[in-house]
Amino acid sequence: MRRIVMMVLRNIVFVPYMWCRLYYHASHVERYTEDEHFKMLKYIVHRANQGGNVKIEAYGTENIPSQNGFMIFPNHQGMYDVLALIDVMDQPISVVAKKEVANVPILKQVFKCIKAKIMDRENIRQSMQIIIDVAEEVKNGRNYVIFPEGTRSKTGNIIGEFKGGSFKTATKAKCPIVPVALIDSFKPFDTKSIKDVTVQVHFLKPLCYEDYKEMKTNEIAMMLHDKIQDTIKKYEKK
């Protein structure tokens with residue numbers, strides 16, 4: 001919360017403009033293309049990062065598929081995760097988010113602009129429909145982010161169990177899977193510190209459908225979990 005306040009205060013001249021622009025985009029989603037929405041969000045995130053002493057270091061961006069219609073599976077550290085991904089990506093992305101964060105101010109407007117899917121994990125029928133809908137959209141060229149832990153780990157750079165069900169959408173869409181290791185992404189919003197912080201975003205080598213089509217979703221989950229945790233251990237700055 002302290003860093004958010006600092007972001008606002010250091011951008012105080014631009015905040016009314018940025019908020020109005022974000023709110024207008026969120027209220028008139030169909031008036032803009034996905035590229036226009038994404039360009040606007042990247043601008044806001046970039047200004048916020050500058051004001052909040054947050055630096056993003058992206059690695060392995062060459063592993064991001066050049067053709068749209070892929071899925072990103074990062075570890076989940078906190079509310080800043082989606083903003084970190086928006087900052088470093090050129091292609092528009094959407095996200096599957098849990099209903100508990102659907103009405104968080106600012107995130108709510110961001111979710112509307114990227115046409116996020118909001119999942120009620122207690123409603124099995126609704127959750128299954130989300131999986132089907134996302135798979136169809138990915139087949140048609142949209143890019144989605146799903147956090148396979150289901151919720152933020154709350155243990156810093158030690159990641160939690162990856163849920164096999166998180167990968168059902170990818171297996172239905174038969175799309176490339178891009179594992180992403182987020183390092184220190186919990187620090188901007190989930191700690192009280194306002195010191196300079198560097199968030200690392202590592203895009204690992206993608207899995208094509210041919211690489212995982214014979215695997216069970218639990219096997220995919222365990223494999224990606226280990227790849228991401230190994231990457232975090234390798235590059236985490238103690």
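**Exercise 1. Is Tyr212 buried or exposed?**

Solution. Start with the cut-offs: buried means under 20% relative accessible area, exposed over 50%, and partly exposed in between (1.4 Å probe, protein chains only). Tyr212 has 1% relative accessibility, so Tyr212 counts as buried.

Before you go on: this is a predicted model, where local features need pLDDT of at least 70 and side-chain atom pairs count only at pLDDT 80 or more, while totals for chains, interfaces and linings use all residues. Residues are numbered from 1 along each chain as its sequence is written, and side-chain values use heavy atoms, leaving out hydrogens and water.

**Exercise 2. Work out how the rings of Tyr209 and Tyr212 are arranged.**

Solution. Rings of Phe, Tyr and Trp (its six-membered ring) pair if their centres lie within 6.5 Å; planes under 30 degrees apart count as stacked, over 60 as edge-to-face and the rest as tilted.

- Step 1: a search of the whole structure turns up 5 aromatic pairs.
- Step 2: one of them is Tyr24 with Tyr32, with centres 6.4 Å apart and planes at 85°, so that pair is edge-to-face.
- Step 3: for Tyr209 and Tyr212, the centres are 5.4 Å apart and the planes sit at 90°, so this pair is edge-to-face.
- Step 4: both tyrosines lie in helix α9 (residues 209–212), 3 residues apart, about one turn of the helix. Helices (H or I, at least four residues) and strands (E, at least two) are DSSP runs, numbered from the N terminus.

**Exercise 3. Check the span of helix α6 and find which residues are buried there.**

Solution. 

- Step 1: the expected span is 1.5 Å times one less than the number of residues.
- Step 2: α6 (residues 124–139) has 16 residues, so the span should be 22 Å; the end C-alpha atoms are 23 Å apart, which agrees.
- Step 3: the buried residues of α6 are Ser127, Ile130, Ile131, Val134, Ala135, Glu137 and Val138.
- Step 4: they cover an arc of only 165° around the axis (taken from the directions from the helix axis to the C-beta atoms), so they are on the same side of α6.
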